[in-house]
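Open the structure in your viewer and keep the selection panel at hand. Each stop below gives something to select and then says what is there.

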Amino acid sequence: MEVTKIDNVTRVYNIGKVETKALRGVTLSIENGEFTALVGPSGSGKTTLLQLIGCLDQPSSGHVYINGKDVSSLNRNQRADMRRGTIGFIFQFFALIPTLSAYENVEMPLLLNGYTAKERHDRIMELLKAVGLADRANNRPDQLSGGEQQRVAVARALAPKPALILADEPTANLDTTNGAQVMEIMTRLNQETGVTFVFATHDPRVINYARRVVTLRDGLIIENNGAGKKD
Amino acid sequence: MIQLFKMAFRDLGRNRRRSFFSALAVGMGLALLLLVAAFIQGEFSSTIDSTIRLQSGHLQVRAKSYDESKTSLKWEDLIENPDQVAAQVASLAPVKVSTPRLYASGFVSTVDESSGVRIFGIDPQSAANDPYRDGMVSGSFLTADDREGLLIGQTLADKLGLKIGDQISLSVNTSNGDVDEQPFTIRGIYSTQIGGFDGITVFLPLAKAQTITQTENHASTIFVLLKDNAQTDAVVVALQSPDYQVLSWQKMNEIILQTETMANSYISLMYLIVLAITASVIINTLIMSVYERTREIGILSAIGMKGSRILGLFLAESSLLAVGGVILGLILGGLAIAYFTKYGFSIANMGVTGILIGNTIYTQLTMKDTVTLTIMTFVVTLLAGLYPAVMASRMEPVEALRAEK
């Protein structure tokens, strides 16, 4: 079953009087459980595509479907609702809330999704264990290394059991070892839990982890290898 | 909800100094409001209290045609057999004390100086005159049969360089329109702590005042103090008579009450200004905070936090600042007011005839002022947080995530 479908989507930005076409008509379908890389040079439209799939932004034309539901014309609150339980995000910068501990950062989406205290605790500890940070639960982001912060972000993205996790250049700010560690954790969680991962990158080492590679250039998909491949 | 406040509390803790000074701004605003309110309250209640005690009483009974502004001494404008009338008034249960007084105008002269005065002819034995008796600075109080002595206020004594035992010459208007001049000896110097009163008022025994003004067995007024201020209106009604006018302290002191109303409206304007300044500090702090945390707002939004929750988060911050500020304000304001309630605030001799403003104002904070001003400050601080909070809640996640921090 497809978790998301992009149907002839364009995204045009108007910056001053200049019109920039970030996406020029992209059609793409991603199946449940995929581990897919969006690749392409800077400005090719990877991030824009992730934002559209992630209901952070709306297409200028065309349709975006999540679990079969058209999300292209949802209002701000409806998009927030859609993101909350269905989509997890991992950003290039280590996007943790600095005033909250690792534990509390992972807890945030669970709170927003109405989990009980017991459910939250079990889920958080399970995830922190999965990313190897159970003993750092009470540390705040500034007491964690970049790699550790990104692993907390992975745990947070997974917390509410979303259908889809979107990662925008997840290893770009990490050294090779930490980058590999984060990618291995993501791969393992994909295999163990079956959650779909879509990540944007231009790092060849990261691309190697992907089972499907979608290449963008100038707002168009120019190559699409391994569609539907899960293992 | 608790989580929201926990986050808000930690967010304020990120920049402790800034949060502290913002709360302090709220606190100083509130402290200032409380101090001004207590000052005004203290001033007016003591003015009214002194005026009643020293000048107007709770009520006065006068002849129908008596005009206070003219200090008339014509027999038809005065009360005949004042002791008898005073005794009748005193027989009413709510009346504490009732005593005849004769008012006249004149001037005191020494060898080289003179000063205009009003003369109070009083019954030295009456308890109504205790405030003057208690305020004796030197010498002794009058006796009923003293024919050559008078009391003068400290302010006047200082002005004319007089002391106990000095001779002065007192010129007084009389009932037939002449001026009579007689020598007097200063028996005592009193002080009511109100320069405007002490500088112009001299006391004579009633009998002597009647003699010199040629108003035998007459008085200008029956001065009445009640056991309870609240019974004034009832007693005024009970004393109604075709021969007399009965004036309540409110009627006699209309100007003070009007001044109070006017002062209160000016003060409200000042409250608004202080609160507006406080609000702008809070708005500024929170807007800075919103800008610094733009990317975090984007993250919260990305993980599904709705605009209303983000709004709630920032409102929680402003309400915590408001709580902190109000606590600081109550402490600072309370300390300042406690000091001025005990030691007073000296405004020296600012008394105007007719309005008895004490030389020292003691602040007086009422529960009503405290509650009203505290709530006002709290609400204004919350409202000030609204704009930055709305700003944060309306951010587009895509744009927020693109921010530098």
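The tour goes from whole chains to the place where they touch, and then to single elements and residues.

This is a predicted model, in which local features need pLDDT of at least 70 and side-chain atom pairs count only at pLDDT 80 or more, while totals for chains, interfaces and linings use all residues. Residues are numbered from 1 along each chain as its sequence is written, and chains are lettered from A and ligands numbered from 1 in the order in which they are written.

**Stop 1: chain A**

Select chain A, which has seven helices and 10 strands. Helices (H or I, at least four residues) and strands (E, at least two) are DSSP runs, numbered from the N terminus. The C-alpha atoms of chain A fill a box of roughly 50 × 40 × 35 Å along the principal axes. A compact globule of 231 residues would have a radius of gyration near 17 Å, and chain A agrees with 17 Å. That radius is taken over C-alpha atoms, and the globule rule is 2.2 Å times the number of residues to the power 0.38. Of the 231 residues of chain A, 48% count as buried. A residue is buried if 20 or more other C-beta atoms lie within 10 Å of its own, exposed if 12 or fewer, and partly exposed in between, with C-beta atoms placed from the backbone.

**Stop 2: chain B**

Now select chain B, with its 14 helices and 14 strands. How does its radius of gyration compare with the globule rule? The radius is 31 Å, well over the 22 Å that the rule gives for 405 residues, so chain B is more spread out than a compact globule. Its C-alpha atoms fill a box of roughly 95 × 50 × 30 Å along the principal axes.

Colour domain 1 (2-51 + 256-402) and domain 2 (65-241) of chain B separately; these bounds come from an automatic or database domain assignment. The C-alpha centres of the two domains lie 50 Å apart.

**Stop 3: where the chains touch**

Show both chains: 16 residues of chain B are in contact with 16 residues of chain A. Contact means that the C-beta atoms of two residues, placed from the backbone, lie within 7 Å. On the chain B side, helix 1 (2-14), helix 11 and helix 14 (397-402) each supply at least two residues. Helix 1 of chain B gives the most, with five residues.

Next select helix 2 (residues 76-86) of chain A, where the buried residues include Arg79(A), Ala80(A) and Arg83(A). Among the elements that cover the buried residues of this helix are helix 3 (102-112) of chain A and helix 11 of chain B.

**Stop 4: helix 13 of chain B**

Select residues 367-393 of chain B, which form helix 13. At 1.5 Å a residue, its 27 residues should span 39 Å, and the end C-alpha atoms agree, at 38 Å apart. The expected span is 1.5 Å times one less than the number of residues. Helix 13 of chain B bends by about 30° at Tyr387(B), and Pro388(B) follows within four residues. The bend is the angle between axes fitted to the seven residues ending at a residue and the seven starting there. Pro388(B) is one of the buried residues of helix 13 of chain B.

**Stop 5: two loop residues**

Most residues other than glycine have a negative phi. Thr71(B) has a positive phi of about 45°, and is found in the loop between strand 1 (59-63) and strand 2 (79-80) of chain B. Finish at Gln214(B), whose phi is near 55°, in the loop between helix 7 (206-213) and strand 10 (218-219) of chain B.
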